[in-house]
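Here is a short note for someone opening this entry without having seen it before. Please read it with the model on screen.

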Amino acid sequence: MLESNVSLIRLLQLCSSALPIGGFTYSQGIEWAVEGHWVNSENDLRAWLLDLIKTNLQQLEIPVFLRMLSACEDNDELALKRWSDILLAYRETSELRLEENNRGRAMTRLLIDLEVEASIDLQSTLAKTQTAGFALAVNQWGIPVNIAAHGFAWTWLENLVISGVKLIPLGQVSGQRILRDLAKPLATAVEQGLEILDEDIGSSSPALAHASARHETQYTRLFRS
């Protein structure tokens with residue numbers, strides 16, 4: 001019981017908004033979507049995120065995370081590199097790739113500082129993407145796959161809800177309603193994402209790509225490229 005409770009606390013640490021990897025500084029296109037009048041209300045933000053849950057999180061993020069975790073379990077650095085490169089290939093703008101690299105490097109430095117085993121030897125691979133570092137920490141800290149995947153998904157969703165609340169702007173209660181309403185779709189997407197075959201992995205989010213590309217040259221911004 002103690003060991004499982006420690007694993008849960010470790011997961012909460014990985015999912016905390018206080019984790020110093022800069023996740024809260026990115027909006028992943030929402031900032032331009034607000035300026036472009038695509039996302040103007042609580043309902044708009046809920047719909048935007050629900051679409052990304054189905055097209056991006058379920059079909060790409062969760063299955064790739066699972067394969068990175070398997071690579072860590074097998075001590076297979078080549079597989080970890082391969083899936084990191086695949087994930088980066090699906091980042092359709094320079095902004096999204098830069099975010100992935102920045103967060104990957106920050107996660108790598110953190111894992112080294114926290115003395116996570118293998119983080120020093122794997123640092124060049126881990127620095128490509130935050131997901132690889134998350135997978136290594138999950139492996140080394142003995143966090144069960146299912147709850148780790150749900151924590152990974154929750155972190156993604158919470159960061160984007162917070163971004164939308166600031167940008168539209170919405171009240172904090174609106175953000176909490178969105179999180180409540182998307183809890184079941186998020187859990188469903190994680191469960192389905194864990195079952196996806198290699199040949200079915202992929203993502204098509206043209207609105208996200210367009211918004212991210214426009215955000216790169218947006219005149220005034222609160223969030224980073």
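1. The structure is a predicted model. The remarks that follow should be read with that in mind.

2. Helix 4, its span and its start. Helix 4 covers residues 77-89, which is 13 residues. From the first C-alpha to the last, helix 4 reaches 18 Å, close to the 18 Å expected at 1.5 Å a residue. At the start of this helix, D76 has a side-chain oxygen within 3.3 Å of the backbone nitrogen of L78.

3. Helix 4, its buried side. The buried residues of helix 4 are A79, L80, W83, S84, L87 and L88. What covers them? Helix 3 (42-73), helix 5 (94-113), helix 6 (123-126) and helix 7 (130-140) are included in that cover.

4. A132, seen from helix 7. A132 is placed in helix 7. With a relative accessible area of 0%, A132 falls under the 20% limit and is therefore buried. Leaving aside neighbours within four places in sequence, A132 is in contact with M68, L80, S84 and L126. A132 and T108 lie 24 residues apart in sequence, and their C-alpha atoms are 9.1 Å apart in space.

5. Q58, a buried glutamine. Q58 lies in helix 3. Is Q58 buried or exposed? Its relative accessibility is 13%, so Q58 counts as buried, the limit being under 20%. The side chain of Q58 makes a polar contact of 2.9 Å with the side chain of Q59. Apart from neighbours within four places in sequence, Q58 is in contact with I53, P63, A189, Q192, G193 and I196.

6. L8, I9, L12 and I147 make a nonpolar surface patch of about 360 Å². Which helix gives the most to the nonpolar patch? Helix 1 (residues 2-15) does, with three residues. L12 is found in helix 1. The relative accessible area of L12 is 54%, which is over 50%, so L12 is classed as exposed.

7. Backbone spots to look at. Most residues other than glycine have a negative phi, and most peptide bonds are trans. The next two points list departures from this background.

8. Positive phi values. H37 is not a glycine, yet its phi is positive, at about 65°. H37 is found in the loop between helix 2 (30-35) and helix 3, and is exposed, with a relative accessible area of 61%. A118 is likewise a residue other than glycine with a positive phi, near 80°. A118 is found in the loop between helix 5 and helix 6. Its relative accessible area is 30%, so A118 is partly exposed, a class that runs between 20% and 50%.

9. A cis peptide bond. Which form, cis or trans, does the peptide bond from I168 to P169 take? This bond is cis, with omega near -10°. P169 is found in the loop between helix 8 (145-167) and helix 9 (172-193).

Key: Residues numbered from 1 in each chain as written. Predicted model: local features only at pLDDT ≥ 70, side-chain atom pairs only at ≥ 80, totals over all residues. Heavy atoms only, no water. Helix = DSSP H or I, 4+ residues; strand = E, 2+ residues; numbered from the N terminus. Expected span 1.5 Å × (residues − 1). Buried < 20%, exposed > 50% of the residue type's maximum accessible area, 1.4 Å probe, protein only. Contact = heavy atoms within 4.5 Å. Polar contact = N/O pair within 3.5 Å; in protein donor to acceptor, adjacent residues only side chain to side chain. Patch = residues over 30% accessible without salt bridge, like charges linked within 9 Å, V, L, I, M, F, W, Y side chains within 5 Å. Areas by Shrake-Rupley, 256 points an atom, 1.4 Å probe, with all protein chains shown as cover. Salt bridge = Lys/Arg side-chain N within 4 Å of Asp/Glu carboxyl O.
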